[in-house]
Amino acid sequence: MGKPIVSVSGIRGVVGETLFPEDTLRWALAYGTMVNRRTIVLGRDTRPSGEWVRGAVLAGLLATGCKVIDLGIVPTPTLQLAVQHWQADGAVAITASHNPVEWNALKFFDSSGMYLDAEKLRHLCEIYESGQFRYAKWYEVGQIQKDATAIDRHIERILTCVDVERIRRRRFRVVIDCVNGAACFISPRLLERLGCEVIPLFDEPTGVFQRNPEPIAENLSQLCRVVRETKADVGFAHDADVDRLSIVADGGEALGEETTLVLVVYHTLKNKERGPVAINLSTTMAVDEIAKEFGVPVYRTRVGDIHVSKRLKEVKGVIGGEGNGGVIYPRIQYARDAVAALALVLEFMAMHDEPLSALVQRLPRYPMVKKSMSIKGLDVHKLLETIKQRYTAEEIVEEDGVKLQWNDHWVHVRPSGTEPILRVIAEAKTKEHAEQLCDEVIAALQEMQLSDPAAH
Ligand code: MG
């Protein structure tokens, strides 16, 4: 029986290959034991496997004496917000996020609605490994309480943070690509509340994704086409659990997921609040440029929602997130919230008379190249050390792999948290330069791989 992958974002596996009810139950028992008979919020995305995973998770939580607030199918940010509402002690989201349909996963949260940090995750893994679960007696077992209003509350919360009337007056024509995921239940409804003419795409909540659920430009060809054909003002796309947002401008150009955060950071600092920004190390340098313009600091963290959210909280940041389309707007919550991001983008558009395609021309945007290579059987630490020695960079950041930073370009080499690969990401003023940076590092790594006896 294969094992799921354990990482900072939870437990992920392929249904029937590495993810099984027996093991899923053990993870739920471990989590229930860890939180010790408290109230836990539970939600899932639309995947067909979601029902059995839910069954296994419910069994584990109830058997360890937890009370479960069951939200049904909801976006992950809706679930995180519900933790606050119920003053719950944690939450479990059943979703493999942007992964294809054969995957499913458990994401674990703490009492603040944030992902478990490394220490709490380690504790959870220890309980799981030990098998020492704290089973409740018959009179202590948990009960289920249904909550069908979490999405309504999420929508209302977002509407208090944007200028609704201003957006409504524009009557934007918006195409929304829900990728047959949890967004089907929230984004079209929010758009209607914002007075938009809504053109839905993939809005049947079947969980059988009709495109790759990762909302990167290359997966959004249908959305681009519909935006073009309907002469829409904008198109939006989510992943299956709605913590990522991608934008397609009028005319049908996919702006790339990095642009979402650039646009929202610019809008927030210019029109809403001025204050610190937190982003991860692999996020575009366009954010630094914008922050400089408004005289606010940028804090960079390891890759992962929890790291950025924690830093934002520490520095009392006003906006932040990750370049993959994950926007964290602390006025709503310390979580990547693609529904909130969508409202912020529309608010930005409503403040200008020009179309979005013209507005983005004024924002800094740089080509980024993302590649990866297999590191099976290699000493990652040694590889990173050699990369560090080989280059003369203006700054070397070693918080998460190795990032080599120059004045107007950078390359970041980091081991993936979920696969045996090294990610190599580069950004520069031209595509050619970014490609070259990536290729040079990969060539150097491959050279080392050939000379490393451990690899053979
Ligand atoms: Mg996601």
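## Helices α1 and α4

In this predicted model, helix α1 (residues 21–35) packs against helix α4 (residues 118–130) at an angle of about 120°, and their axes are 9 Å apart. The two helices are therefore oblique to each other, because an angle counts as roughly perpendicular only from 65 to 115 degrees and as roughly antiparallel only over 145. The crossing in which α1 passes α4 is right-handed.

On the side of α1, the contact is made by D23, R26, W27, A30, Y31, T33 and M34. On the side of α4, K120, H123, L124, C125, I127, Y128 and E129 take part. By class, the residues of this contact comprise 8 nonpolar, 2 polar and 4 charged.

## Helices α9 and α10

Helix α9 (residues 257–272) has an axis that comes within 10 Å of the axis of α10, and the two cross at roughly 10°. This angle makes α9 roughly parallel to α10, because angles under 35 degrees are classed in that way.

Helix α9 contributes V262, V265, Y266 and L269 to the contact, while α10 contributes A286, V287, I290, A291 and E293. These residues divide into 8 nonpolar and 1 charged, with no polar residue.

## Helices α9 and α12

Helix α9 also packs with helix α12 (residues 338–350): their axes come within 10 Å and cross at roughly 60°. The helices α9 and α12 are therefore oblique to each other. Here α9 passes α12 in a left-handed crossing.

The residues of α9 in this contact are L263, V264, Y266, H267, N271 and K272. Those of α12 are A341, L344, V345, E347 and F348. The contact of α9 with α12 has 7 nonpolar, 2 polar and 2 charged residues.

Three elements, α10 (286–293), β17 (395–397) and β18 (402–405), each supply at least two residues of the lining. The largest share, 3 residues, comes from α10, the helix that also packs with α9.

How values were computed
Residues are numbered from 1 along each chain as its sequence is written. This is a predicted model: local features need pLDDT of at least 70, side-chain atom pairs count only at pLDDT 80 or more; totals for chains, interfaces and linings use all residues. Side-chain values use heavy atoms; hydrogens and water are left out. Helices (H or I, at least four residues) and strands (E, at least two) are DSSP runs, numbered from the N terminus. Axes are lines fitted to C-alpha atoms, for helices over the stretch in contact, and angles run from 0 to 180 degrees between N-to-C directions. A crossing is left-handed if the near helix is turned anticlockwise from the far one by less than a right angle, and right-handed if clockwise. Contact means heavy atoms within 4.5 Å. Ala, Val, Leu, Ile, Met, Phe, Trp, Tyr, Cys and Pro count as nonpolar, Asp, Glu, Lys and Arg as charged, and the others, Gly among them, as polar.
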